[in-house]
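Try each one yourself before you read the solution.

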Amino acid sequence: MNQNTKKIGNYRWTICSLLFFATTINYLDRQVLSLTWKDFIAPEFHWTNNDYGNITALFSIFYAVSLLFAGRFVDWLDTKKGFLWAIGIWSVGACLHAFCGIATSGLLTGNWFVGFDGAKEALATVDDVGKVIAVSVSLFIVARFVLALGEAGNFPAAIKTTAEYFPKKDRAFSTSIFNAGATVGALAAPITIPFIAKWYGWEMSFIIIGALGFVWMGFWIFMYEKPEKHPKVSLAELEYIQQDSIADSKIVGYVPENTDKVSLKDCLRYNQTWAFAFGKFMTDGVWWFFLFWTPAYLSSVYDMDSAEAAFPLFILYMITLLSIIGGWLPTYFVEKKGMNPYEGRMRSMLIFAFFPLLALVAQPLGHISYWLPVIIIGIAGAAHQAWSANIFTTVGDMFPKKAIATITGIGGLAGGIGSTLINKGSGMLFDYSKETNMVFMGFEGIESGYFIIFSICAVCYLIGWTVMKMLVPKYRPITDL
């Protein structure tokens with residue numbers, strides 16, 4: 001740490017660490033189902049790939065629509081209260097999953113006052129498997145709805161907090177740090193959740209992981225306040241944080257940003273909004289596909305159970321930690337190459353868009369060793385997270401702070417729609433390819449289905465970048481909103 005850093009102060013990075021842990025918990029909570037359904041939940045409730053695909057697709061829809069309102073909600077309540085409500089709701093939703101078995105038993109057999117094991121025994125006596133599937137899937141969808149409703153608040157609140165605590169030149173780096181929580185959450189999940197489920201039951205994995213959010217809320221209450229009001233933010237650090245506003249104020253004719261609320265209609269008038277939304281639509285689904293379906297991929301193609309898949313998944317998500325470069329690279333372009341923040345981010349995003357092309361050879365190379373697709377998916381995941389850190393910060397580059405959470409919500413809605421399409425389509429395709437033993441490009445059965453989806457994922461980033469560049473070819477900040 002150099003002398004200047006010591007003088008300025010570092011409390012902004014403490015806030016960034018809180019965002020990191022919130023995002024870690026966010027991704028841990030949403031991963032519990034993907035790591036328990038195949039080995040623990042499906043045998044109990046007789047689920048197929050399509051049933052799981054329906055649940056994940058609906059979660060994506062709920063998350064997408066909730067993001068639209070979550071951004072508005074966070075802007076309305078402001079950061080502190082908005083974040084508390086978000087993580088409180090999603091933690092309740094995470095824990096609700098654990099009681100779906102008891103509720104299914106109660107609805108089908110009348111046995112409500114039973115424990116987790118008692119529910120399993122009661123369901124084993126039900127002859128109508130179709131009813132067990134329908135009721136259990138419906139209850140899990142309700143739990144996923146509550147989870148999605150709360151989780152939608154994480155990124156609008158985190159991006160808004162980043163804009164409050166960091167100048168534009170540091171936002172991509174700070175975003176990449178807290179966004180790495182998604183990777184760390186995904187990294188911790190396979191080495192914890194399957195073993196909790198194996199030792200204590202799948203229900204306890206939802207409860208234990210879900211309870212982490214309530215712990216985080218205590219830290220947020222006592223540690224967060226706006227930088228201009230926070231006693232731990234020094235005057236020098238506050239000046240560093242607000243350097244963009246200070247620089248703008250010296251421009252002749254500068255008009256300070258007003259604090260009037262913005263409407264969705266106003267936000268949709270700008271190409272910048274549509275560029276962000278399209279980029280999210282094309283790419284969010286790729287990450288969610290890898291997150292939700294990689295455990296099932298290792299099970300279906302390589303016959304691994306959740307314990308056997310734990311180490312490959314751990315290595316996969318270790319690789320995605322390379323995404324931290326996503327925050328450093330635009331800073332390099334800005335400081336060393338003299339680009340403005342938007343140009344630096346778009347140049348960086350173009351570079352990251354080429355790495356997912358490796359997914360085209362993931363399935364072909366998988367016949368040599370399962371480690372090759374694992375490594376390739378890890379690289380594609382790192383590229384996505386690097387891309388994600390930068391596309392999020394384009395919002396802060398272009399829009400005033402009062403609109404950041406709302407614009408983030410609009411983009412999240414678009415990303416959720418893309419995620420819904422790929423999750424639902426994947427479930428249907430995997431069941432169809434397996435049942436019909438479909439042949440495509442030399443692959444048979446479910447492998448052909450995965451090859452098709454991998455190929456789609458490979459090209460999404462270049463398409464997304466191209467359209468974004470066409471909509472906003474040059475840096476044009478919004479000044480009339």
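Predicted model: local features only at pLDDT ≥ 70, side-chain atom pairs only at ≥ 80, totals over all residues.

**Exercise 1.** Find out which elements the protein has, and whether its radius of gyration agrees with that of a compact globule.

*Solution.* Start with the elements: the protein has 22 helices and two strands. Next, take the chain length of 481 residues, for which a compact globule would have a radius of gyration near 23 Å. The protein has 23 Å, so the value agrees with the rule. For another view, look along the principal axes: the C-alpha atoms fill a box of roughly 75 × 50 × 45 Å.

**Exercise 2.** Describe burial, contacts and charge for the protein as a whole.

*Solution.* Begin with burial: 58% of the 481 residues count as buried. Then turn to contacts with a separation of 6 or more: 83% of them are between residues 24 or more positions apart.

**Exercise 3.** The whole structure holds 50 aromatic pairs. Work out what kind of pair Trp47 and Phe140 form.

*Solution.* The ring centres of Trp47 and Phe140 are 5.0 Å apart, with 85° between the planes. An angle over 60 degrees counts as edge-to-face, and that is the kind of pair these two form. Now place them on the chain: Trp47 sits in the loop between helix H2 (11–45) and helix H3 (49–77), while Phe140 belongs to helix H7 (residues 129–151), 93 residues apart. Trp47 is buried because its relative accessible area is 7%, and Phe140 is buried too, at 0%.

**Exercise 4.** Locate His46 and Met441, and decide for each: buried, partly exposed or exposed?

*Solution.* His46 is in the loop between H2 and H3, and its phi is positive, near 65°. With 34% relative accessibility, His46 is partly exposed. Met441 is in the loop between strand E1 (439–440) and strand E2 (443–444), and its phi is also positive, near 55°. Exposed means over 50%, so Met441, at 61%, counts as exposed.

Methods: Residues numbered from 1 in each chain as written. Heavy atoms only, no water. Helix = DSSP H or I, 4+ residues; strand = E, 2+ residues; numbered from the N terminus. Rg over C-alpha atoms; globule rule 2.2 N^0.38 Å. Buried < 20%, exposed > 50% of the residue type's maximum accessible area, 1.4 Å probe, protein only. Contact = heavy atoms within 4.5 Å. Phe/Tyr/Trp six-rings, centres within 6.5 Å; stacked < 30°, edge-to-face > 60°.
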